[in-house]
Amino acid sequence: MSDSLLVVLADSLADGGRKAAIAFGVALAALADGKHVHMFLSLESARLGTPTGADGIRPRGFSEPLSDYVGHFNDLGGKLEVCSSCFEEYCQNLPKDEQGRPALRPGTTIHSLGIVAERAASMPIVTF
């Protein structure tokens, strides 16, 4: 059994962040179990890889705002990864970094979809 897990989040966040909260809940459980977890954010969920992208999202039925779940994921050593195309499309109106690009959360990296295909051969994948 692999010691790694890839969680792919392709949710629009239109449900108030509920699917995203479940995805982060699964990722947090895997981290607590000692797994190495990569969270690949695509489509509108790419916003969650930015410092302000989860602001104001409080999923109904969950104990914390979505930004807290993302923060816990980072604090426990999870790896946030943002789809490069989705980052350009969905994050362009968010606060910028020193280079004039949308800012990323610390430790967040940008990748193409190829990283998902590459990891599919070596680790389990859960999609939301």
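A: Start with phenylalanine 73. Leaving aside neighbours within four places in sequence, phenylalanine 73 is in contact with Phe24, Ala27, Leu28, Leu31, Val37, Met39, Gly78, Lys79 and Leu80. Keep in mind that this is a predicted model.

Now widen the view to the core. The largest nonpolar core has 36 residues, and Phe24, Met39, Leu48, Leu66 and Phe73 touch the most other members. At least two residues of this core come from each of β1 (4–9), α1 (18–32), β2 (36–41), α2 (66–75), β3, α3 and α4. The largest share is that of α1, with eight residues. As a general point, nonpolar side chains tend to be buried together in soluble globular proteins.

At 1.5 Å a residue, its 15 residues should span 21 Å, and the end C-alpha atoms are 21 Å apart, which agrees. After α1 comes glycine 34, whose phi is positive, near 90°.

Next, the sheet. It is open and has five strands, in the order β4-β3-β2-β1-β5, with parallel pairing. The edges belong to β4 and β5 (125–127); each has a single partner strand, so one side of each lacks a neighbour in the sheet. From one strand to the next, the twist averages 25°. At one end of the order, β1 and β5 pair in the parallel sense over three bridges. Valine 8 stands opposite threonine 127 in β5.

How do the helices sit on this sheet? α1 lies across β1, β2 and β3, and runs at about 175° to β1. α2 also packs on the sheet, where it touches β2 and β3. The direction of α2 makes about 120° with that of β3.

Move on to alanine 46, in the loop between β2 and α2. Alanine 46 is buried, and its relative accessible area is 0%. Not counting residues up to four places away in sequence, alanine 46 touches Leu41, Val82, Cys86, Phe87 and Cys91. Its C-alpha atom is separated by 9.1 Å from that of glutamate 89, 43 residues apart along the chain.

Finish with charged pairs. The structure holds two salt bridges. One joins glutamate 81 and arginine 119, with the closest N and O atoms 2.5 Å apart. Glutamate 81 lies in strand β3 (residues 79–83) and arginine 119 in helix α4 (residues 114–120), so this pair ties together parts that are 38 residues apart in sequence. Both glutamate 81 and arginine 119 are buried.

Arginine 101 forms a salt bridge with glutamate 88, and here the closest N and O atoms are 2.6 Å apart. Arginine 101 lies in the loop between α3 (84–90) and β4 (109–111), and glutamate 88 in helix α3, so the pair ties together parts that are 13 residues apart in sequence. Arginine 101 is partly exposed, with a relative accessible area of 37%. Glutamate 88 is partly exposed as well, at 45% relative accessibility.

Back to the starting point.

Terms used: Residues numbered from 1 in each chain as written. Predicted model: local features only at pLDDT ≥ 70, side-chain atom pairs only at ≥ 80, totals over all residues. Heavy atoms only, no water. Salt bridge = Lys/Arg side-chain N within 4 Å of Asp/Glu carboxyl O. Helix = DSSP H or I, 4+ residues; strand = E, 2+ residues; numbered from the N terminus. Buried < 20%, exposed > 50% of the residue type's maximum accessible area, 1.4 Å probe, protein only. Core = buried A, V, L, I, M, F, W, Y, C linked by side-chain atoms within 4.5 Å. Contact = heavy atoms within 4.5 Å. Pairing = 2+ DSSP bridges. Axes fitted to C-alpha atoms, helices over the stretch in contact; angles between N-to-C directions. Expected span 1.5 Å × (residues − 1).
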